[in-house]
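Colleague: Can you walk me through this one? I'd like to start with the strands and then jump around a bit.

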Amino acid sequence: MNKLSVIVVRDLLHDFIPNDMVKAFLNQSLDVENYEVVIPLKNNSDLYETIALDLERQGINTRYFYTDNSCRSKLVNLAIDHSEGDIILFLGEDFVPNENLLRIHYEAHTKDTSDNITIFGPTSFPERITQRSAFTKWLDDSGQLTGINFTNEVPTRSFFFYFGNSSLKRSLTERLGPVNEDLPYPCLDDYEYGVRMKKLGIRSRYEPKASAIHDHPLDEKERTLAMYQAGYSSGILNKKLNALLLITRQLVKLVLNYLRTLTLKQENLWRYRLHLSFIKGMLSFYLVKYFRSTDFN
């Protein structure tokens, strides 16, 4: 019998607990003997420890381990090593699954015996957050946050993977190798992992009913920092020969985004500020970490 390992994807930089996480796991329609929950915990103090201990007390098969590491890619690799399931489900630490999410992922991989597919489900902010934050609602409606717009019809022919709500067979993780630990921030590590899947010919399938609530009041300051980190990681993923081309493309895009701000629409201002932060992160890598240590002679 297959078993599902739910890896709670964390970066250990936030002390944030979704209000309904324990309840969400207890209310799953998948039989409890068919899944386990794997949670990385921060040494000394971690609010998420209460969730791990509560799940354990409630009879959920829970694996947790303590570490001083805060690099998300390394934590994902450690969590895979600690898990035992034939199916790996990546669930964001601030994503609260609906009652059928685990079952849908489980059944999808049980019916498809190959390891040539990844399953992904949608996520959205709850109304209590979007009603109070126009910025957060825009992140949902524009697809700026995850790279795909789950509030509209999702394109099913294109490949998609993210660490928020996606699953794959353990045998595929073995074929792919570890998540890229050169990426220090909680961004683009899942993108790079997905790029490797595409090169192997892996298909992705969208399961709209395997949904999760993104229970995190994300503000512009936090998102701006994340975009800076994404820009830095983008530099890591691109070789020196691609640097000037990449920078040029991003600067052209920045100019176009700036011109859109002249309309004074708030969403255009947000898009420009976030892209500017992305470019700052990218230039920080190239100018400080890369070109300085490169001999061009």
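Colleague: Which residue in E4 does Leu-4 stand opposite?

Modeller: Leu-4 faces Ile-87 in E4. This is a predicted model, where local features need pLDDT of at least 70 and side-chain atom pairs count only at pLDDT 80 or more, while totals for chains, interfaces and linings use all residues. Residues are numbered from 1 along each chain as its sequence is written, and side-chain values use heavy atoms, with hydrogens and water left out.

Colleague: Parallel or antiparallel, for E1 and E4?

Modeller: Parallel: strand E1 (residues 4-9) pairs with E4 that way over six bridges. Pairing takes at least two DSSP bridges between the strands; strands (E, at least two residues) and helices (H or I, at least four) are DSSP runs numbered from the N terminus.

Colleague: And how many bridges join E4 to E8?

Modeller: Five, and there E4 and strand E8 (residues 165-169) run antiparallel. One of the residues involved is Leu-89, with Ser-167 of E8 as its bridge partner.

Colleague: How many residues of E4 are buried?

Modeller: Six of the six (residues 87-92) are buried, so E4 is largely enclosed by the rest of the structure. Buried is under 20% relative accessible area with a 1.4 Å probe, protein chains only. In a regular strand, side chains alternate between the two faces of the sheet. In E4 both faces are covered, with Ile-87, Leu-89 and Leu-91 buried on one side, and Ile-88, Phe-90 and Gly-92 on the other.

Colleague: New topic. Where does Gln-28 lie?

Modeller: Gln-28 is in the loop from helix H1 (21-26) to strand E2 (35-42). Its relative accessible area is 9%, so Gln-28 counts as buried.

Colleague: What does the side chain of Gln-28 reach?

Modeller: The backbone nitrogen of Leu-102, at 3.2 Å. Leaving out neighbours within four places in sequence, Gln-28 is also in contact (heavy atoms within 4.5 Å) with residues including Tyr-35, Pro-97, Asn-98 and Glu-99.

Colleague: Now Phe-125. Which loop is that in?

Modeller: The one between strand E7 (123-124) and helix H5 (127-130). Phe-125 has 5% relative accessibility, so this residue is buried.

Colleague: What does Phe-125 touch?

Modeller: Not counting residues up to four places away in sequence, Phe-125 touches Thr-130, Thr-136, Leu-139, Asp-140, Leu-145, His-214, His-216 and Leu-218.

Conventions
Buried < 20%, exposed > 50% of the residue type's maximum accessible area, 1.4 Å probe, protein only. Polar contact = N/O pair within 3.5 Å; in protein donor to acceptor, adjacent residues only side chain to side chain.
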